[in-house]
Amino acid sequence: MAEYNNNIVHSPIELKGLSKYISLVIHRGVERAIWVFCELGIADLMASYQAPITASKLSKLNGNNWNAEFLYRLLRVIADADIITELKTDSENSNKYDHPEETIRFQLTEDGLLLTSSHFSKARDLIRFELNPTGENTNVYFPSLIKFGYENGTGFEQTFGCKVFDYLQKEENKEFANIFDNAMVTYSSHTASSMVSVIDFTRFHKLVDIAGGLGTLLSSILEKNQNLQGILFDLAHVIENAKMTNPNEFQRRQIEPNRYDFIVGDMFKSQTIPPGDAYILKHIIDSWDDEKSIEILKSIRDANKSQIEKTTTVFIIETIILSNDKDNLEAHAMDLVMLSETGAKGRTLAEYISLLNQSGYEMKQLYRANSLCSIIEAVTTTQNCDC
């Protein structure tokens, strides 16, 4: 954390008294500005210009006719967030304050480059998805959820009239679904290096990433484990998106084509799940209630029944609520997101162990990857019988 300075606006969680709430409001304004910056693709425009640029010039790129003054005022906030930087004028006597939109130039910082559409992190779509005002409308129903539970459905259901995963599969929401898939890439990128460093994958031959999105996490693991085979498993529209990305996540990491495969299926239907030595479930279980979570785990177990006794490993990657942990902020915050959007929840380690035991698994180990995720390793033993 940066050195404390009373002259700057700090995160609300650092502050006490009224300053906490004033800071909260100001940061909400910054969030809105960053969402607009991403929604308009301004990082793409600035990157393509390849030189520092004024708001006036920026407002005219690609045939646009934006309001240059308003754009300048937006860029000032984005500069405060260190996503772009304001270049100082040569002279203190400059007339930059007369028409700053025409005289002050801006350029992307390293953090700003992450918000270009072509950046592998897909951070732009993370912001477009998580800070989308339409999605924020679900929060209107949060007081109702506290008062009445799910009598009228989740916040998402009350906003859009259907469950979130049904919404993503509708043809008219294809663009939004693509933004969602890309947002999940950002979380995978954040997790990948930690998971690769703490888990020994050399003991496995075939690794299956269940609902693995575009394959960011799986490709990272294959890159570091040359003898490992990988299968990206997801719904048809997601697999199509993963294949059509050019280059796809595996090609980008130069993984040999014979080491990975794309398989379409449904994690609730065991007959569609390919057999494997190990499975990844990244931010899957926390999106479903207990009944559905057990169903998913049992589907993986059933997919691996064979004539001989077989042991299968699952890695559950979640923001687990850890007892006596000083920093559960991320886990607690994500729990409320799940409460409102999917009707699921963040869970304590004990609750995950209970789900595993009910599904026929035994927990083997807990790994702490970073503040956003922990990893549970669990195993199940099956054979081709009614067990």
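## Sheet and packed helices

Strands β1, β3 and β2 make an open, antiparallel sheet of three strands, in the order β1-β3-β2. Strands are DSSP E runs of at least two residues, helices are H or I runs of at least four, and both are numbered from the N terminus. Strands pair if DSSP finds at least two bridges between them. The edges are β1 (53–54) and β2 (84–86), each pairing on one side only. β1 and β3 (residues 105–108) run antiparallel and are joined by two bridges. Thr 54 has Arg 105 as its bridge partner in β3.

Helix α2 (residues 42–49) lies across β1, β2 and β3, at about 100 degrees to β3. Helix α4 (residues 68–80) also packs on the sheet. α4 touches β2 and β3, and its direction makes about 105 degrees with that of β2. Contact means heavy atoms within 4.5 Å. Axes are lines fitted to C-alpha atoms, for helices over the stretch in contact; angles run from 0 to 180 degrees between N-to-C directions.

## Basis of the model

This is a predicted model: local features need pLDDT of at least 70, side-chain atom pairs count only at pLDDT 80 or more, and totals for chains, interfaces and linings use all residues. Residues are numbered from 1 along each chain as its sequence is written, and side-chain values use heavy atoms, with hydrogens and water left out.

## Nonpolar cores

The largest nonpolar core has 29 residues. Met 195, Phe 201 and Phe 250 are among those with the most contacts inside it. Elements supplying at least two residues each include α12, α13 (216–224) and β8 (310–318). Such a core is a set of buried Ala, Val, Leu, Ile, Met, Phe, Trp, Tyr and Cys residues joined through side-chain atoms within 4.5 Å. Buried means under 20% relative accessible area, exposed over 50%, partly exposed in between (1.4 Å probe, protein chains only).

Phe 250 touches residues including Leu 218, Leu 222, Ile 255 and Phe 262, not counting those up to four places away in sequence. Apart from this core lies another, of 27 residues, Ala 33 and Ile 78 among them.

## Salt bridges

The count is 15 salt bridges, each a side-chain nitrogen of Lys or Arg within 4 Å of a carboxyl oxygen of Asp or Glu. Arg 128 pairs with Glu 175, closest N and O atoms 4.0 Å apart. Arg 128 sits in α7 (residues 123–130) and Glu 175 in α12 (residues 174–198), 47 residues apart. Arg 128 is buried at 10%; Glu 175 is exposed at 56%.

Glu 256 and Arg 259 meet at 3.2 Å, N to O. Glu 256 is partly exposed at 35%, while Arg 259 is buried at 5%.
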